[in-house]
Amino acid sequence: MLGANKLRTGLTMLGIIIGVFAVISLISLGASARRYVADQFAAMGSNLMIIMPGKRETIGSGSVVGVSNVHKLTMEDAEAIRRRLPSISGVAPVIFGIGLIKLEGISRNTWVTGTGHEYPSVRDHGLTTGQFFDPDDVERERRVAAIGTKVRAELFGEVNPLGKFILVMGTPFRVIGVMEPRGTSLGFDLDDVVFIPVSAARRLFNTDGLYQIIVRASSDEEVPGAVASIRKLIQSRHNGEDDITIVSQNQMLATLNTIVDALTFILAGIAAISLVVGGIGIMNIMLASVSERTREIGLRKALGARSRDILRQFLVESVVLSTIGGLIGVLMTAAAVVAARWIFPSLPVVITSWAVVLAVTFSAAIGIFFGVFPARRASRLSPMDALRTE
Amino acid sequence: MGPESTAAGAPGFARGSTSAVLARGYKSRASGEPKARPLTTPPPAIPWIIRTEKILRVFRSHDVATVALADATFAVKPGEMIAIMGPSGSGKSTLMAILGCLDRPTSGSYWLAGREVTDLSDDELSSVRNRMVGFVFQSFILLQRSSALENVELPQVYAGITPRARREKARTLLASVGLGHRLGHKPNELSGGELQRVAIARALANDPKLLLADEPTGNLDWRSGKEIMDIFRRLNLERGMTEVVVTHNAEVAAQCDRIVVIQDGRTLSGSETMDE
């Protein structure tokens, strides 16, 4: 009986509890990651495209193959896209790197982003005070900067930064605007940034190539057409070579989802193995129970129990054992979710309901599967032999 | 226990109709196949409750054959209380197992309440044990984690009786063996004599035709043993219960109507009653 040896029963259940806990929490973690990624992308807008120099099969940080015959993306390329493609609502060339920012002895390493005047509308990133640089600032390479809220807080505190000069990599820039807080996007802190005109950044980083060009299509429907026309346009400008990579927001989302899903299923699969191991624990304990209770089985048979009555008794026991273990596992997962929400408020942790149903059903099935063998062994005992067992 | 407590226990000891029990308890295994034995051996004229003929039981393990019963032939009339005596290794236990339908003979015939049972299926034998036979063991064999009441209910559980009815029956039976005040006690809270009385109440739970007791006083002191034998005697005299007691205690055997002696797997005496 389950209650006869509480420690043993508890330890057996622990196998199932851990298995169910692992399966549900990993599947739920995967779903939470998926949702997190989707939220991040939704915040950026789904009609964005990012153009990068070099041909890449997939998105990633892999090095550009064959640098020599790859044309750099230039300011002129960005300008051509802006002027010649009507389906585009905004273009933001980007050069960026980490640079040292200084103000009266306070210094800080920060992302320095050189971009164009359309950046706020392209990335849907407005300003709280002041203004962003205009086409004239970019054209004339003016040393003006818009700073993120974190930079502002670190350097200026309560002081109004507008009109003040900061040293960006040794060059003084006048602060003309403060960006809206945007938080972290895919591990990149959008508030810890200094924006300067792309022309000034080119000189600062001593490069004439752009890191990327961010393009916003006028609508979601325009995206596929825009991708094609951008490719054609740049190809004609790069001596007929198709040497750029265009990634649309949806494509990135799909790729990330594929990665997250694959990880989820691999991890859940490993967790499922622990459930099976838990099932073997149940079989072990049921076999021990059958041999300990041989005499009881003999008695029950002598009193009129049929083989199927004994089979049912032991099967019910193993299913109860595994199902209770499964339910405790679910409760533990729920507790872990509450704890996770408390510790990491920013992560959207949710329990996936189908994972709960799956795990509990699976644990009950494991009870049946691993209970059948011991239960059959019990039911086939000869009543005479069983009664004589001491 | 006086006559008044016996009267209170009357419903518990009521004898059910044999034919009704047969109708419930027996199912023909292969109704399509004609059975050979009833055709060659005519049904016994006297309504023996037990009749065995030339029972042979051979155990085989690893090519070694052990003859446990060579020729067990005897019979018991309804309402008889007999003792089976014999030295250890004589085949007593094997005979008990066969009489209680816990085992099948290798060959020979066994009629229980007029019905040949040697070729019944396992499930049919379970049903026969459940409704026809009450077992009392030397070492009591009670479920340790269940109360006296629950232990007495157990045979009725397998008979499919409703919880309310079986609780009522178990209460009555425990009262009739003088344990009306011990219903909720677990086996480890009861004395040896009390444990055996719970076991007797359990044996009576489904109104069996036959009580089989295997050394019922073997684990008891003299006084408790006497109390148990008094209960057996009273059940036999007042309720007409047929009882078979396996023992090697002469004092116990002396309380029975008749003694069947078994030696080297053969019944030596007692079979003469068949010629009455």
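In this predicted model, strand β5 of chain A (residues 144-147) is joined to β7 of chain A by 4 bridges, and the two strands run parallel. Within that pairing, A:Val144 sits opposite A:Arg174 of β7(A). Strand β7(A), which spans residues 171-179, also pairs with β4 of chain A (residues 127-130), this time in the antiparallel sense and over 3 bridges. Here A:Gly130 is the residue facing A:Gly177 of β7(A). Strand β6 of chain A, covering residues 165-168, is likewise an antiparallel partner of β7(A), with 4 bridges between them. In this case A:Phe165 stands across from A:Arg174.

Turning to helix packing in chain A, α2(A) (residues 75-84) and α7(A) (residues 223-237) have axes that come within 10 Å and cross at roughly 135°. Angles over 145 degrees would count as roughly antiparallel, so this pair is classed as oblique. The crossing itself is right-handed. On the α2(A) side the contact is made by A:Asp77, A:Ala80, A:Ile81 and A:Arg84, and on the α7(A) side by A:Ile230, A:Leu233, A:Ile234 and A:Arg237. Sorted by class, these contact residues come out as 5 nonpolar and 3 charged, with no polar ones.

The buried set runs through A:Glu296, A:Ile297, A:Gly298, A:Leu299, A:Arg300, A:Lys301 and A:Ala302. These residues pack against α10, α11 and α12 of chain A, and also against two elements of chain B, namely α6 (122-132) and β6 (133-136). After the helix comes A:Gly304, with a positive phi near 120°.

In total, 15 residues of chain A are in contact with 18 residues of chain B. On the chain A side, the elements giving two or more residues are α9 (294-302), α10 (307-343) and α12 (383-388). Helix α9(A) gives the most, with 5 residues. By class, the chain A side that touches chain B holds 8 nonpolar, 5 charged and 2 polar residues.

Elsewhere in chain A, A:Pro348 lies in the loop between α10 and α11 (353-379). This proline has 15 C-beta neighbours inside 10 Å and therefore counts as partly exposed. Leaving out residues up to four places away in sequence, A:Pro348 touches A:Ser32, A:Arg35, A:Tyr36 and A:Asp39. From A:Pro348 to A:Arg35 the separation is 313 residues in sequence, yet 7.4 Å in space, C-alpha to C-alpha.

As for chain B, its secondary structure comes to 11 helices and 10 strands. Of the 276 residues in chain B, 45% count as buried. Among chain B contacts with a separation of 6 or more, 73% are between residues 24 or more positions apart.

One helix pair in chain B can be set out in the same way as the pair above. The axes of α7(B) (residues 148-158) and α9(B) (residues 192-203) come within 8 Å and cross at roughly 30°. An angle under 35 degrees counts as roughly parallel, which is why α7(B) and α9(B) are placed in that class. Their crossing is right-handed. From α7(B), B:Ala148, B:Asn151, B:Val152, B:Leu154 and B:Pro155 meet B:Val198, B:Ala201 and B:Arg202 of α9(B). The contact of α7(B) with α9(B) is made up of 6 nonpolar residues, 1 polar and 1 charged.

Methods:
Residues numbered from 1 in each chain as written. Chains lettered and ligands numbered in written order. Predicted model: local features only at pLDDT ≥ 70, side-chain atom pairs only at ≥ 80, totals over all residues. Axes fitted to C-alpha atoms, helices over the stretch in contact; angles between N-to-C directions. Parallel < 35°, antiparallel > 145°, perpendicular 65-115°, else oblique. Left-handed = near helix turned anticlockwise from the far one by under 90°. Contact = placed C-beta atoms within 7 Å. Nonpolar A, V, L, I, M, F, W, Y, C, P; charged D, E, K, R; others polar. Buried ≥ 20, exposed ≤ 12 C-beta atoms within 10 Å, placed from the backbone. Pairing = 2+ DSSP bridges.
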